[in-house]
Amino acid sequence: MAEALLEVAGLRKRFGGLAVTDDVSFDVAAGEIHAVIGPNGAGKTTLIHQLSGTLRPEAGSIRFGGREVVGMGMARRARLGLARSFQITSVLPGFSALENAALAVQARCGSSFRFLRMAAAERGLNDEAMAALEQVGLGARAGVMAGRLSHGEKRQLELAIALAMRPRLLLLDEPLAGAGPEETERLVGILRGLRGQYAILLVEHDMQAVFALADRISVLVYGRVIATDVPAVIRANAEVRAAYLGEDEAA
Ligand SMILES: Nc1ncnc2c1ncn2[C@@H]1O[C@H](COP(=O)(O)OP(=O)(O)OP(=O)(O)O)[C@@H](O)[C@H]1O
């Protein structure tokens, strides 16, 4: 079997006496959509923080592309291709969708554009930014101020910003939160379109979306992974049904 892109082993984190990440182990293959589900307070966001580098685990390892990243900061992990999509707050409302995406391209490239002539540099930035917008279905809205985009479009823009970082694995923390039914359908279609091109670690409460999108699902309960498997097996798992899905919903 090919080596996993992300390998998490024995990860531990406590807040006071509370074990919020309790010996967590799982892996994500290249191109896989791997969902992490669990009830409120299960530790999903805390797990994402440890993967992205904003929170340091007390024990365990996080290997990405064969390298240990626990000691690395967020920027270094992002440069390796482990990128987190930030919620709407990272979108600059006074800039157009294209400018928002172009800023992300520029952040990734650092000073490498400085050596090109101004016009060529700008064209290069804009072409890449436009490609990211088109990947998330926002091409036609490139010139619109981000502040004037709908809620769903802002979430699409966050995704474009993350894609402009050229990630190998995207960490998505509740990408569908606050989206209405139509927006959800659109966003699920966009995420489905990314499958195979990027690995995605998806934390999401919308079970319909999770079961439609995920190649595999890990179930987190009180900081522990109680099961990792393909959706059909997770749906039929008695422990998972009791702990999380509820007998009615899983029927
Ligand atoms: N900085 C912190 N200090 C102390 N306790 C914290 C801190 N951050 C989170 N917790 C606690 O850790 C536990 C896990 O929280 P976390 O936000 O990771 O859960 P979650 O699965 O993402 O929940 P939700 O689905 O509601 O977003 C909760 O009991 C929470 O109260």
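Glu174 is partly exposed, with 17 other C-beta atoms within 10 Å; a residue counts as buried if 20 or more other C-beta atoms, placed from the backbone, lie within 10 Å of its own, as exposed if 12 or fewer do, and as partly exposed in between. The structure is a predicted model, in which local features require pLDDT of at least 70 and side-chain atom pairs count only at pLDDT 80 or more, whereas totals for chains, interfaces and linings use all residues. Residues are numbered from 1 along each chain as its sequence is written.

Glu174 is located in the loop between β7 (169–173) and α6, where helices (H or I, at least four residues) and strands (E, at least two) are DSSP runs numbered from the N terminus. Although Glu174 is not a glycine, its phi is positive, near 50°. Asp23, also a residue other than glycine, has a positive phi of about 60°. Asp23 belongs to strand β2 (residues 18–28) and is classed as partly exposed because it has 14 C-beta neighbours inside 10 Å.

The loop between β7 and α6 also holds Ala179, which counts as buried because 21 C-beta neighbours fall inside 10 Å. When neighbours within four places in sequence are set aside, Ala179 is in contact with His151, Gly152, Arg155, Thr184 and Leu187 (contact: C-beta atoms, placed from the backbone, within 7 Å).

Helix α6 comprises 14 residues (residues 181–194) and should span 20 Å at 1.5 Å a residue; its end C-alpha atoms are 20 Å apart, which agrees. The expected span is 1.5 Å times one less than the number of residues. The buried residues of α6 are Leu187, Val188 and Leu191. Viewed down the helix axis, these buried residues fall within an arc of 105°, so they line one face of α6; the arc is that of the directions from the axis to the C-beta atoms. Packing of the buried residues of α6 is against α5 (151–164) and α7 (207–213). On the face turned away from the buried side, α6 carries the exposed residues Glu182, Gly189 and Gly193. Just after α6, Gly196 adopts a positive phi of about 90°.

The protein chain is divided into domain 1 (1–81 + 169–251) and domain 2 (92–166), with bounds from an automatic or database domain assignment. The C-alpha centres of the two domains lie 27 Å apart. Ten residues from domain 1 and ten residues from domain 2 take part in the contact. On the side of domain 1 that touches domain 2, α6 supplies the largest share, four residues. The residues of this side of domain 1 comprise six nonpolar, two polar and two charged (nonpolar: Ala, Val, Leu, Ile, Met, Phe, Trp, Tyr, Cys and Pro; charged: Asp, Glu, Lys and Arg; polar: the others, Gly among them).

The largest nonpolar core has 66 residues, of which Ala101, Ala160 and Leu202 touch the most other members. Helix α5 gives the most to this core, with seven residues. Both domain 1 and domain 2 give residues to the core, so it lies between them. Such a core is a set of buried Ala, Val, Leu, Ile, Met, Phe, Trp, Tyr and Cys residues joined through C-beta atoms within 7 Å. Residues up to four places away in sequence not being counted, Ala160 touches Ala101, Ala132, Leu133, Gln135, Val136 and Leu138.

Conventions. Two residues are in contact if their C-beta atoms, placed from the backbone, lie within 7 Å.
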